[in-house]
Amino acid sequence: MKLQDKFKELHKKNRALLAVNFYNFETLSAILRAAASLQQPIILQTTKRTIEYLGLEVTTSLARAATQQYGVEAWLHLDHAQDIDLIKRALDAGYDSVMIDASEQPIEENRKLSRQVVEMARPYGANVEAELGYIAKLGQSKEEVAFTQPGEAKTFVEATGIDALAVAIGSAHGFYDREPELDIDLLANIHKATPAALVLHGGSGIPDKQIQEAVQNGIRKINLATEVKNGFMNTLREELPKSDEIDLRKVFPPAIAHVEQLLKNKIEMLNQA
């Protein structure tokens with residue numbers, strides 16, 4: 001099933017998918033173990049930096065082979081791509097979904113680039129996600145506010161033909177300085193204005209209740225990255241001083257298990273929305 005078709009199925013059920021970034025085999029394994037243990041579908045996400053680290057062919061092949069090994073329904077998604085060439089390479093490599101992030105460009109340029117990617121992805125049958133509004137990235141100010149507006153979302157989706165839209169409703173990437181407050185009323189109005197699958201970026205650190213309310217009001221994809229990296233590394237920091245073990249196959253499993261449990265909790269929470 002194509003991801004865009006899965007979103008339509010989720011729309012009918014008022015449900016959402018967890019979309020989790022992986023960085024190596026260990027984090028990929030943790031994601032797929034969590035999904036397999038609960039028999040739930042999952043979106044596997046990579047960024048430009050992960051592709052630079054692993055290589056595009058290794059990233060794609062690793063995700064495909066691991067997905068088959070764990071017997072999980074999963075889709076491979078390129079997150080926050082700003083390079084049209086990288087998007088084309090990812091599509092050629094077999095990615096199921098790509099995101100063109102031109103949200104920091106003037107609206108007309110964002111619309112133009114998003115439309116270009118939609119046309120590029122059509123022969124591949126791939127899902128296309130874009131972003132509208134200001135969702136603070138790592139290192140950017142979380143004080144700036146530029147929420148997605150329903151009317152703008154409607155015209156943007158109609159003009160570009162995108163399948164999924166990342167909306168700015170109060171979330172941010174990275175760690176939060178204080179508890180975020182999602183604008184659920186705004187989200188509900190955006191959901192009424194457009195049939196596009198709505199995406200919540202910056203899912204790490206948002207209280208469960210708010211995420212569940214977001215799902216009930218149109219969010220179909222929740223991105224998670226920071227909690228995965230933080231949990232994995234903190235577990236390693238706790239475990240490494242306990243022994244002189246140098247066998248990586250014995251060093252990594254506690255961190256893998258931590259992330260697996262984290263994600264199982266997240267998936268179960270979404271299923272209760």
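Start by selecting strands β7 (residues 197-200) and β8 (residues 219-224): they run parallel and are joined by 3 bridges. Strands here are DSSP runs of E, at least two residues, and helices are runs of H or I, at least four, numbered from the N terminus. Click Leu 200 and you'll find its bridge partner in β8, Ile 222.

Before moving on, know that this is a predicted model, where local features need pLDDT of at least 70, side-chain atom pairs count only at pLDDT 80 or more, and totals for chains, interfaces and linings use all residues. Residues are numbered from 1 along each chain as its sequence is written, and side-chain values use heavy atoms, leaving out hydrogens and water.

Now show the strands β1 to β8: these 8 close into a barrel with parallel pairing (two strands pair if DSSP finds at least two bridges between them).

Next, pick Ile 100 in strand β4 (residues 97-100). Is Ile 100 buried or exposed? Ile 100 is buried, with a relative accessible area of 1% (buried is under 20%, exposed over 50%, partly exposed in between, with a 1.4 Å probe and protein chains only).

Time for some charges. Select Lys 88 and Asp 92, a salt bridge with its closest N and O atoms 3.0 Å apart (a side-chain nitrogen of Lys or Arg within 4 Å of a carboxyl oxygen of Asp or Glu). The two sit 4 residues apart in helix α5 (residues 84-93), so about one helical turn separates them.

Last stop: Lys 266 and Glu 227, bridged at 2.9 Å between the closest N and O atoms. This pair links helix α12 (residues 253-271) to helix α10 (residues 226-239). Lys 266 is buried at 10%, while Glu 227 is partly exposed at 22%.
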